[in-house]
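Subject: Structure for your review

Dear colleague,

I am handing over the structure below, and I would be grateful if you could read it alongside the notes that follow. They cover cavities, a disulfide, a helix and some aromatic pairs.

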Amino acid sequence: MRNAFIPALTAVAMFLMGVFILNTQLWYSARVDSQAGAQYAVKNMDIILDEARLATRTSMRMAEKECGPEEQYQLGTEAALQPHLRTIIILREGKVWCSSLPGNRVLLVNVAGLPDSPLFLAPAKSTVNNRPVLLYQTTVAGNRIMVTISDRHIRDALDISYKGLTYSLKVGNAVLGMTGDVTTVADNSTGQVAATEYPYSIEYNAPPLFSLHRLIDQGGAMLLFLMLMSCLAAYILNKYLNKHTPPEEALRWAITLGEIVPFYQPVVNGKEGTLRGVEVLARWRHPKEGFISPAAFIPVAEKSGLIVPLTQSLMKQVAADMNAIASKLPEGFHVGINFSASHIASPAFVEDCLKYKDSFSRPDLNLVIEVTEREPLDIDENLVQTLNILHENGFAIALDDFGTGYSGLSYLHDLHIDYIKIDKSFVGRVNTHEDSTRILDSVLDLARKLSISIVAEGVETREQLDYLNRNNITFLQGYYFFKPVPFKELIMILLSKPKVRVRVE
């Protein structure tokens, strides 16, 4: 029913909204934390570069002197006392003039050919030990002072342990990460925090807007809470809506969900007890109330216009059921199904019936269209043509509940009727009293004069059976023989009865 769909949709919407809000909060928190980590890495790098700047100032004073053993010793001491520096080099006129290493040695390859930018990430190929370094450079009074910083110290500064995030140092277009050599990037597609004191930035992989792993890992308990609250809201809403479900709405969804199912009441030969056919009767297989009688919902279906889709659904199910037991059905087996006047008058009625017939695997079955008298049937040229087309295609026409509806006698006069089904209200009057059969005698006499076959409904006692047998009424149905049964029970009945070819009598 729609009132079951709406709570389900509401629960899904509530859950998705909660997930959206939770994911947004976790993403924003991850974004803030990743930026905080980058800012912490900037602070670490600034400490290292402050040491390099301090060493540079010392080197500038020394550049004003000669580069003797004492000056080399002072440069080496300066490099050694600063915890993150590697070497200090002073270039003059493109050549190494003084170095913190003994003998003015350097660990860089082609020192003069390296760019003289304030900060430069030198790749591994630029060093004698194949390790990338960061150069802090200052040019003053013709002297180029270079301070080298080991990649190990840089990576220590970048090693911010936060939920799988990795940080990198970016100088210009060169990037040094936690592993590997210096790489070059063309653009910035990640998060970054730029330093204010020095020309570099810290890059990191910005957290994605949506991450299922993050959602489950950090918000698993909240997801469970959202699910429980959504289900609770759906349950409460379903309880509320089902108190006010209009009958037609309930029936519409019952048809859609396949809750309207066929039951079969066998039609038997009263004298032989052999099975000659079935009448299809609708039952509502309600999930809470069990099987509901058609008297409770067929009037609603006819009033609301749902009788047509209801009948169409039954036709599909009946064809599938009969095909499943086709080998067990006797030749000429009757399969009768009721059609309302509104369905018969609809433009799609003939097409529905022809599709119904084509869906049977056994072409020798006797498909009977039972016209109910519960609704008035407008007899005109279109109706006559419709029934003629169905006759030509092998259908038999039966007038159901004869004598209880609107215009039974006019139908007999104007339409080609193959069977009349005597309503159980007439059969039910038959008892041991002689006067109890007067009305039924008249109905049977009329049918004989019109050469119309008769089916008697509602046979419940031995007296009724004996009366009908005396009057040679062949086709009988009622609780005396069988009540309407579901398909599985019909199979058991068929297996217990001999297969007898059915002929119209």
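This is a predicted model: local features need pLDDT of at least 70, side-chain atom pairs count only at pLDDT 80 or more; totals for chains, interfaces and linings use all residues.

By residue class, the lining of the largest cavity consists of 7 nonpolar, 3 polar and 3 charged residues.

Turning to covalent links, the count of disulfides comes to 1, and this bond connects Cys67 with Cys98 at an S to S distance of 2.0 Å. It links distant parts of the chain, since Cys67 sits in the loop between helix H1 (2-62) and helix H2 (69-81), while Cys98 belongs to strand E2 (residues 95-99), 31 residues apart. The torsion about the S-S bond of Cys67 and Cys98 is about 70°, and the disulfide is therefore right-handed. Cys98 has a relative accessible area of 1% and is buried; another cysteine, Cys353, also counts as buried, at 0% relative accessibility.

Helix H3 (residues 151-158) is largely enclosed by the rest of the structure, because 6 of its 8 residues are buried. Those buried residues are Asp151, His153, Ile154, Arg155, Ala157 and Leu158.

Finally, the aromatic pairs number 9. One of them is the tilted pair of Tyr167 and Tyr204, with 5.8 Å centre to centre and 55° between the planes. Tyr167 lies in strand E6 (residues 167-171) and Tyr204 in strand E10 (residues 201-204), so this pair ties together parts that are 37 residues apart in sequence; both tyrosines, Tyr167 and Tyr204, are buried. Phe263 and Phe291 form an edge-to-face pair, with 5.0 Å centre to centre and 65° between the planes. Because Phe263 lies in strand E11 (residues 260-269) and Phe291 in strand E13 (residues 290-292), the pair ties together parts 28 residues apart in sequence. Phe263 counts as buried at 9% relative accessibility, whereas Phe291, at 48%, counts as partly exposed.

With best wishes

Key: Residues are numbered from 1 along each chain as its sequence is written. Side-chain values use heavy atoms; hydrogens and water are left out. Ala, Val, Leu, Ile, Met, Phe, Trp, Tyr, Cys and Pro count as nonpolar, Asp, Glu, Lys and Arg as charged, and the others, Gly among them, as polar. A disulfide is a pair of cysteine sulfur atoms within 2.5 Å. Helices (H or I, at least four residues) and strands (E, at least two) are DSSP runs, numbered from the N terminus. Buried means under 20% relative accessible area, exposed over 50%, partly exposed in between (1.4 Å probe, protein chains only). Rings of Phe, Tyr and Trp (its six-membered ring) pair if their centres lie within 6.5 Å; planes under 30 degrees apart count as stacked, over 60 as edge-to-face and the rest as tilted.
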